[in-house]
Amino acid sequence: MSNIHVMADVENLSVEPNGPILTIGLVAFDITSGEIVAEFYERMDRNLAQKYGTPSLSTLKWWEGQDEAARAEAYNGTSDPRNVARSLREWFVKYNLGNCGVWGNGSVMDIAQLEWWLRQTNPVIGKYGQEYPWKYWNIYDMRTIMMLAGMQMPRTRPAHIQYHNALHDARYQVEWVCKAYAKLNNKPAVMQQPQDVWPPDVDSFISAD
C-alpha cells in the first residue's frame, strides 16, 4: 500500500451514524514522514445539513456549552451539502486517493457518519452496491493504533489547534497517528513542523468550491 493516507474528521449534531454533518476536514498525508499532501475543508449551511441527518438534543446542548468561536465555525457555514459531497468525491479522484488508507478517530464515528451522509447527499451505486471514495478494507481507526503504541493525545492542545474545528482536528490527528506508526515500526519519531509553517494555510490546498 502507498504511504499516502487520509485523515477524516467531522463536526456534527449527533454522535449517531445518521447525525447531520456540519463541517468536514480531510488531510492527505505521508504516514512515514508526516508530510501533508493535500487538504479538503468545507462548512455547510446548518439548516440544509439537518435535511440529511437527525440531530440529537444532547449534542445540541453540548454545542451550546462550547467556545463561541468554535460554535460559530461549525454553525455558520453556507455550502449546500449536495455540492460538498460531489466536491469531496472529486477531491479523492484529483489526488488519486481512492486506494489509500482512510482514518477516523474512532471506529464508529467519522467514517461511519460520512458513509451514511454520502448515501443521502450523493449516492453512487456500483456493481456491488453503494460506493464511497475509499475502500471498506482500507478503513483504519486512530484509537486502535494509539492503544497499540501505548500513546495518548494530550488533553491540552497547542495554541494553533482550534478545538472542535474539523480541519484542525484532522491535522492534529495526523501528527499523532504518524508518531504511533513510527513507534510501532521502530522508526525515528516524526518531527512536528515548526509552528510558523504548520498548520499550512488551507487556501494553498484543494477545497470545495
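**Figure 1. Burial and fold of the protein chain.** Buried residues (under 20% relative accessible area; exposed is over 50%, partly exposed in between; 1.4 Å probe, protein chains only) make up 49% of the 209 residues in the protein chain. This is a predicted model: local features need pLDDT of at least 70, side-chain atom pairs count only at pLDDT 80 or more, and totals for chains, interfaces and linings use all residues. Residues are numbered from 1 along each chain as its sequence is written, and side-chain values use heavy atoms, with hydrogens and water left out. The chain holds seven helices and seven strands. Helices (H or I, at least four residues) and strands (E, at least two) are DSSP runs, numbered from the N terminus. Their order from the N terminus is β-β-β-α-α-α-α-β-α-β-β-β-α-α. Contact means heavy atoms within 4.5 Å. Of the contacts with a separation of 6 or more, 73% join residues 24 or more positions apart.

**Figure 2. The largest nonpolar core.** A nonpolar core is a set of buried Ala, Val, Leu, Ile, Met, Phe, Trp, Tyr and Cys residues joined through side-chain atoms within 4.5 Å. The largest one has 25 residues. Ile24, Leu26, Trp91, Phe92, Trp117 and Trp134 have the most contacts inside it. At least two residues come from each of β1, β2 (21-30), β3 (36-43), α4 (81-94) and α5 (110-121). The largest share, five residues, is from α4. A second, separate core has 24 residues, including Ile145, Ala166, Tyr172 and Val177. In soluble globular proteins, nonpolar side chains tend to be buried together.

**Figure 3. Surroundings of Leu26.** Neighbours within four places in sequence are left aside here. Leu26 is in contact with Val6, Met7 and Ala8, and also with Ala38, Glu39 and Phe40, among others. Leu88, Trp91, Phe92 and Leu167 are contacts of Leu26 too.

Figure 4. The 14 residues of α4 should span 20 Å at 1.5 Å a residue, and the end C-alpha atoms are 20 Å apart, which agrees. The expected span is 1.5 Å times one less than the number of residues. Which residues of α4 are buried? They are Pro81, Val84, Ala85, Ser87, Leu88, Arg89, Trp91 and Phe92. The buried residues pack against β1, β2, β3, α1 (46-49), β4 (101-104) and α5. Asn96 lies in the loop between α4 and β4. Its phi is near 55 degrees, a positive value in a residue other than glycine. Asn96 is exposed, at 67% relative accessible area.

**Figure 5. Ile21 in strand β2.** Ile21 sits in β2. Its relative accessible area is 0%, so Ile21 is buried. Not counting residues up to four places away in sequence, Ile21 touches Val10, Glu11, Asn12, Met44, Ala49, Gln113, Leu114 and Trp117.

**Figure 6. The largest pocket.** On a 1 Å grid over the protein atoms alone, a pocket is an open set of points where a 1.4 Å probe fits, with protein on both sides within 12 Å along at least five of seven lines; lining residues have an atom within 4 Å of a point. The largest pocket holds about 860 Å³ of space. A volume is the space filled by probe spheres set on the points, which are joined across faces, edges and corners. The lining has 25 residues, with Asn105, Arg143, Met153, Arg157 and Gln173 nearest the centre. β1 (4-12), α2 (57-64), α6 (142-148) and α7 (166-184) each give two or more residues to this lining. By class, the lining has 12 nonpolar, six polar and seven charged residues. Ala, Val, Leu, Ile, Met, Phe, Trp, Tyr, Cys and Pro count as nonpolar, Asp, Glu, Lys and Arg as charged, and the others, Gly among them, as polar.

Figure 7. Gln173 belongs to helix α7. At 3% relative accessibility, Gln173 is buried. Beyond four places in sequence, Gln173 is in contact with Met7, Ala8, Asp9, Asn105, Met142 and Met153.

**Figure 8. The second largest pocket.** About 320 Å³ of space lies here. Of the 15 lining residues, Gln130, Glu131, Tyr132, Trp134 and Lys135 lie nearest the centre. Seven lining residues are nonpolar, three polar and five charged.
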